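Here's a quick briefing to read alongside the coordinates. Have the viewer open and follow along, topic by topic.

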Amino acid sequence: MRSRGGGLTMASGHTVLMRLVASAYSIAQKAGTIVRRVIAEGDLGIVEKTSPTDLQTKADRLAQMSICSSLARKFPKLTIIGEEDLPSEEVDQELIEDGQWEEILRKPCPSQYSTIKEEDLVVWVDPLDGTKEYTEGLLDNVTVLIGIAYEGKAIAGVINQPYYNYQNNEKQKLREHRKEAKAGPGAALGRTIWGVLGLGAFGFQLKEVPAGKHIITTTRSHSNKLVTDCVTAMNPDDVLRVGGAGNKIIQLIEGKASAYVFASPGCKKWDTCAPEVILHAVGGKLTDVHGNALQYDKEVKHMNSAGVLASLRNHDYYASRVPESVKNALVP
């Protein structure tokens, strides 16, 4: 069996991590298809969880069943933690994805991860990040997130954007979208971004906000005084209010925003695990508002109770501007 760079061998010799990432890529694509299909069928099956802004739809439920069952079938020793609390039931065979993205298997596994075992990995799944925006027809805010952690650290991740290339009309009303969820001229609908620490991030074109400009991206539907105070303290040139943690990190790596500021405990580990990897793989940084790294081991509490502060460059600048009042209110 011929070896490829970094001691990676072909076929059955692939490392557990790279097989998992290659599978997660195909599984995330399948979930993206499910998300689009539910909209097209027109019945979102919306359920309120803890508040009117904390929603679950049929797409959240089906996508999570698809992702978790597909992963567990192929990697039975994984710890998989998904956002939705679903009853265990027999999963329809048509929700199972057993493919893998071959291009990922052609990449070398970073040597520090080459001996990782299945049972050492924790997978954090958000089947539909940006659910509220999804129900309102803001479909380009939506992502599917599969993050992979080892020894408490996020090391690999996959983000699917089901509606990348989707042309939102001006009114952005769901009822007008249901028949029109299609890509712009000559463009494929949807894309998948993936990354592994020590290898890089792929599936997008890295861009930076022009030097000296401070564009802040923050929550659209979960704001409060702390969130607003922290954003104002950044002295921003512009503020973008959009849905989805995955979507905000994509804004950072594509030059639309310079920092993601969320001074509130609303965000969970499944929201940040995959996006953090993509950002870190291209030299960015994601922490809580105190500058602490987030932990992703299986015993950790799910809530990022000290908020999120992320940037592609100059993280220290943004961290230094977080008000003491905000830090005191958000305890890790």
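Gly82 has Val125 as its bridge partner in β6. That's one spot in a predicted model, so here's the wider picture, starting with the strands and moving on to the overall numbers, a helix, a serine and some aromatic rings.

- β5 and β6 run parallel, and four bridges join them.
- Which residues of β5 sit on the covered face, and which on the uncovered one? Thr79 and Ile81 are on the covered face, while Ile80 and Gly82 are on the uncovered one.

**The whole protein**

- You're looking at ten helices and 15 strands.
- The protein has 332 residues, and 53% of them are buried.
- Take the contacts with a separation of 6 or more: 73% of them are between residues 24 or more positions apart.

**Helix α2**

- Helix α2 covers residues 58-74, and its end C-alpha atoms are 24 Å apart. That agrees with expectation, because 17 residues at 1.5 Å a residue should span 24 Å.
- How many of the 17 residues in α2 are buried? Twelve are, so to speak, tucked away: the helix is mostly covered.
- At the N-terminal end, Thr57 does the capping: one of its side-chain oxygens lies 3.1 Å from the backbone nitrogen of Ala59.

**Ser23 in helix α1**

- Ser23 belongs to helix α1, which takes in residues 16-41.
- Is Ser23 buried or exposed? Its relative accessible area is 0%, so Ser23 counts as buried.
- The side chain of Ser23 makes a polar contact of 3.3 Å with the side chain of Lys74.
- Leaving out residues up to four places away in sequence, Ser23 touches Lys74, Phe75, Gly99 and Gln100.

**Aromatic rings**

- Searching the whole structure turns up seven aromatic pairs.
- One of them is Tyr113 with Tyr150, an edge-to-face pair at 6.5 Å centre to centre and 80° between the planes.
- Tyr113 is in the loop between α3 (102-105) and β6, and Tyr150 is in strand β7, so this pair ties together parts 37 residues apart in sequence.
- With a relative accessible area of 6%, Tyr113 is buried.
- Tyr163 and Tyr166 also pair up: their ring centres are 5.3 Å apart and their planes meet at 65°, which is why the pair counts as edge-to-face.
- Both of those tyrosines fall on the buried side, with Tyr163 at a relative accessible area of 2% and Tyr166 at 6% relative accessibility.
- Trp124, Trp270 and Tyr296 come together as one aromatic cluster.

How values were computed. Residues numbered from 1 in each chain as written. Predicted model: local features only at pLDDT ≥ 70, side-chain atom pairs only at ≥ 80, totals over all residues. Heavy atoms only, no water. Helix = DSSP H or I, 4+ residues; strand = E, 2+ residues; numbered from the N terminus. Buried < 20%, exposed > 50% of the residue type's maximum accessible area, 1.4 Å probe, protein only. Contact = heavy atoms within 4.5 Å. Polar contact = N/O pair within 3.5 Å; in protein donor to acceptor, adjacent residues only side chain to side chain. Expected span 1.5 Å × (residues − 1). Pairing = 2+ DSSP bridges. Phe/Tyr/Trp six-rings, centres within 6.5 Å; stacked < 30°, edge-to-face > 60°.
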